[in-house]
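Welcome, and thanks for taking a look at this one with us.

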Amino acid sequence: MNHIPSDLLRSFVAIVDNGSFSLAAEKVHRTQSAISMQIKKLEEMLDKTLFIRDRKEILLTADGKILLGYARKILQLSEEAVLLLKRPELCGSIEIGLPDDYAPRFLPQILARFSRTHPSVEVKVCCESSSQLNQKLRKGEIDLAIMSSITPEEEDAILLRSEPILWVYNPQHDILSQRPLPVAMFPGSCCWNQSALHALDKANIAYRIAYTSASLVGLQSAVQAGLAITILSVSALPANLQQVPQDIGLPALPQTSLMLHKNKGGQQPLIDALEQHIIAEFNSYREPI
C-alpha cells in the first residue's frame with residue numbers, strides 16, 4: 001500500500017494533540033484498543049516507530065515528527081476539499097477585524113483557507129485594538145471581530161484560544177534594573193494595560209509610561225531599541241525579543257483569551273462561512289514541537 005488511510009492519520013494526530021491514547025479515543029469516537037491497533041498498523045505500513053513508549057508522556061520520534069507535519073496538511077486539505085465541493089455559491093464582501101498583534105500569526109492561513117473555498121468573496125481586514133473593534137461591531141461596521149479579553153466567559157462569543165500575557169524586553173540592553181521602570185503600552189485603558197499596571201502597583205514596583213503606540217510595530221521598536229519593556233501575548237512575541245525572566249521579580253500577568261464575535265445583523269451566509277474557517281484554523285493551530 002502506497003497511501004495512508006485518513007482515519008489512521010486522524011487518530012495519530014489526535015494522540016499528539018490530546019497527549020494520550022485514551023483522550024484521543026474519545027476524540028475520534030473509538031476505543032483505546034482500536035486506537036492502539038491503528039497506530040500499530042500505521043507503524044507497520046511505514047516500517048517506522050512513531051512514538052517513544054518507555055515514558056509516561058507521549059513523545060514523538062524523529063520519524064513521528066516528520067509524519068505529523070504531513071498528516072496535518074493532508075487532513076486540512078481533505079477538510080477543505082469537502083468544504084469547497086459542498087460550499088454554497090457566495091459572493092459579495094465581508095469585513096473581519098482583529099488586533100494587529102495577532103494578525104501575522106493567524107490571519108494569513110484564515111484568508112488562504114477562505115479564499116480557496118470562496119474565491120468570489122471580497123474580504124476586508126481591519127486591524128485595531130479590541131476596544132475599537134468592539135465599538136465598530138456594535139455599530140455594524142464590521143461583520144466578525146476577533147478580540148482579546150481576560151474574561152473568556154462572554155455571552156454570544158466563541159473562545160478561540162487562551163494564552164499567557166508576558167513581560168517582554170530586549171536582553172541586549174540593561175533595562176530591567178531601571179527605576180522607575182520604563183514601560184511601553186498601547187494607548188487607552190484596555191484590559192491588558194489595566195491588569196499590568198495594577199500588578200506593578202500591587203508589587204510596589206515604580207514605573208513610568210515611557211512610550212505609547214497604537215501600532216504593535218511602534219511598541220516593538222521601542223522595546224527593541226532598549227528604551228522600555230512591554231506586554232505581549234505568546235502569539236505576538238517576535239524572535240528578536242524575549243520574555244522577562246521570572247527571577248527578576250515582575251508580577252505575574254493573567255491569561256488572555258481570543259474571542260470571536262459576530263454581527264448578527266450582517267450577511268449571515270458570508271459571516272457563517274468565514275466563521276467556520278476561523279474556528280477550523282484555530283482548532284488546527286498548534287505550537288511548534
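Which residue in strand 5 is the bridge partner of Gly97? The bridge partner of Gly97 there is Ala145. This is a predicted model, in which local features need pLDDT of at least 70, side-chain atom pairs count only at pLDDT 80 or more, and totals for chains, interfaces and linings use all residues. Residues are numbered from 1 along each chain as its sequence is written, and side-chain values use heavy atoms, with hydrogens and water left out.

**Around strand 3**
- Strand 3 (residues 92–98) is largely enclosed by the rest of the structure, because five of its seven residues are buried (under 20% relative accessible area, 1.4 Å probe, protein chains only).
- Strands here are DSSP runs of E with at least two residues, and helices are runs of H or I with at least four, numbered from the N terminus.
- Strand 3 runs parallel to strand 4 (residues 121–127), joined by seven bridges, and Leu98 has Cys127 as its bridge partner in strand 4.
- Strand 3 also pairs in the parallel sense with strand 5 (residues 144–149), over two bridges; pairing requires at least two DSSP bridges between the strands.

**Around strand 6**
- Strand 6 (residues 157–169) and strand 11 (residues 255–262) form an antiparallel pair over seven bridges, with Leu159 opposite Met259.
- Strand 9 (residues 230–233) pairs with strand 6 in the antiparallel sense over four bridges, and Thr230 is the bridge partner of Val168.
- Strand 10 (residues 242–243) is antiparallel to strand 6 over two bridges, where Tyr169 has Gln242 as its bridge partner.

**Tyr70**
- Tyr70 belongs to helix 4 (residues 62–86).
- Tyr70 counts as exposed because its relative accessibility is 53%, and exposed means over 50%.
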